[in-house]
Amino acid sequence: MKFNKNLLILTTLMVALLSSCEKDFLDRNPLDREVSSTFYRTEADAVQALVAVYDVLGYQSSPGVSWAPFVTMSDILSDDSYAGGADANDGQDENEFNNYNIPTTSLIARSIWIKNYIGIYRANLLLEKIGEIEASDDFKKRVVAECKFLRAYFYFEQVRFFENIPLLTVTIKSPSEYGQSQNPPSEVYDQIALDLTEALADLPGQIPAAEAGRVTKWAAQALLARVYLFYNGVYNAELKAGSSVVNQAYVLQQLEDLISNSGHDLFSDYSLNFKLAGENGIESVFEIAHGDTPPWWDWGYPRGGEGNLAAQMQGPRVTGSQNWNRGWSFGTVSQKLVNDLKDDPRLASTVLLEEELDGSLSKGYQHTGYFSKKYSSDAEHWGGSGQFELNRTCNFRVIRFSDVLLMAAELGSGNAQNYLDRVRNRVGLPSVPATPDNIYKERRLELSLEGIRYFDVLRKGIAYATQEFTVIGLRGPRYEGDQQIFDHTFNPSTRGFLPIPQTEIDLSGGLFIQNPGY
């Protein structure tokens, strides 16, 4: 995130001592007096601790485990992307996701698990300590609201990936509490709903430019809608926020408020959503910042920097180019997506074609001739200094206003036709009836390669997921390699969830039960 970003240097030293996942730091004596028992006193302390919670949003790897950018791995799980990489060995872990043959020892799954529980821990810790801060009530309310939003975000990512997870709303205080069991998914989702409904009451509607990256009430409303659509689709149930039911009518009311009163709107140019000029712009409802401040060099700890690793991973392997800079060609785009986007104006801003590349292209594993253009190693997003692979500057747009319009249309808004037309008119497409099928199809075209497709399909049911994610015999004109490396069959026995990391099952002492299908 960008507000007070330089505080991260001090904050990282402090918070590293607090995270149970950072054993190497725990084995050292404190480097200064900034420890949890003495730190939480002033507003400045609280801001540093809050920055540390936000910082986890940008984590795309875990030391000694694996790189696992959310957008890259979500799209590889879907039918939008393949694993890619330099060769079959380079992309082996990613290809396990692509083939739905994920071992319980997957380093990528473990990296995702670790990341989200670090974020949850930091949010819980600040929520516990905020009462000790000497600050105004308004300041405290906002910090609490932001922590609840962020905790909800981390839990949503975790429960969507793993389903059966432990729910922790306080920090573990002693070894006697280490034995935590998994909670029913409904309890996790209800806590997410409670956190978001409570947060939106105290989050601001507008924030100054100097605080770009901090969440607003509009972000909480939009995230609640995304949570509702997935939960209701997968489990056919309503959410509960404490004693209140969060149903379709309530969620739609939140979206209508956002649409009418937030000031968010569509860019006139679709491509601006993925350019520097569009960062934290009018269409961005929630965005995770990446950049090259501070410049980062450490390959052993890439998440210490602020670069977008998804952009590095997904960029083409080009040298000698004025426009593209030595990506690693993971997440190569499928012919299926290109076919669906045929004749759609958004294709040019979504998929990078091989013939657009200058310089010398090295074709990697599962080469299709197509790469993501939304998050890539393009010249506009090259870092100004530091190790170039670790300093990609593209922000990740988590929720865009077009997504809000389509969610409201899907939930049965009386303005559904207008909302669908706004999304299509922006790119010069004619009106089509606002039927459920047309709205859902529009999501596919509007939001492709943004980490959304996989979960949109899962919420339509396992039969539909099996139909969409099983792709056999489809071959594009630029595919290189045997057909079998491009064929993949969805495994319905897993219901689309990842395995609980075996390390966590072992550490649980028998309390954790592995997910079905593994």
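Which residue in S10 is the bridge partner of Ile288? Hold that thought for a moment, everyone.

First, some ground rules. This is a predicted model, where local features need pLDDT of at least 70 and side-chain atom pairs count only at pLDDT 80 or more, while totals for chains, interfaces and linings use all residues. Residues are numbered from 1 along each chain as its sequence is written, and side-chain values use heavy atoms, leaving out hydrogens and water.

Back to our question: the partner of Ile288 is Phe396. Strands here are DSSP runs of E with at least two residues, and helices are runs of H or I with at least four, numbered from the N terminus. Strand S5, residues 284-288, pairs with S10 in the antiparallel sense over four bridges; pairing takes at least two DSSP bridges between the strands.

Buried means under 20% relative accessible area, exposed means over 50%, and partly exposed is in between, using a 1.4 Å probe and protein chains only.

Searching the whole structure for disulfides (cysteine sulfur pairs within 2.5 Å) turns up zero.

Let's finish with Ser508, in the segment after helix H20 (502-507). Ser508 is buried, with 12% relative accessible area. A polar atom of the Ser508 side chain lies 2.8 Å from the backbone oxygen of Ile505, and one lies 3.3 Å from the backbone nitrogen of Leu511.

Key: Polar contact = N/O pair within 3.5 Å; in protein donor to acceptor, adjacent residues only side chain to side chain.
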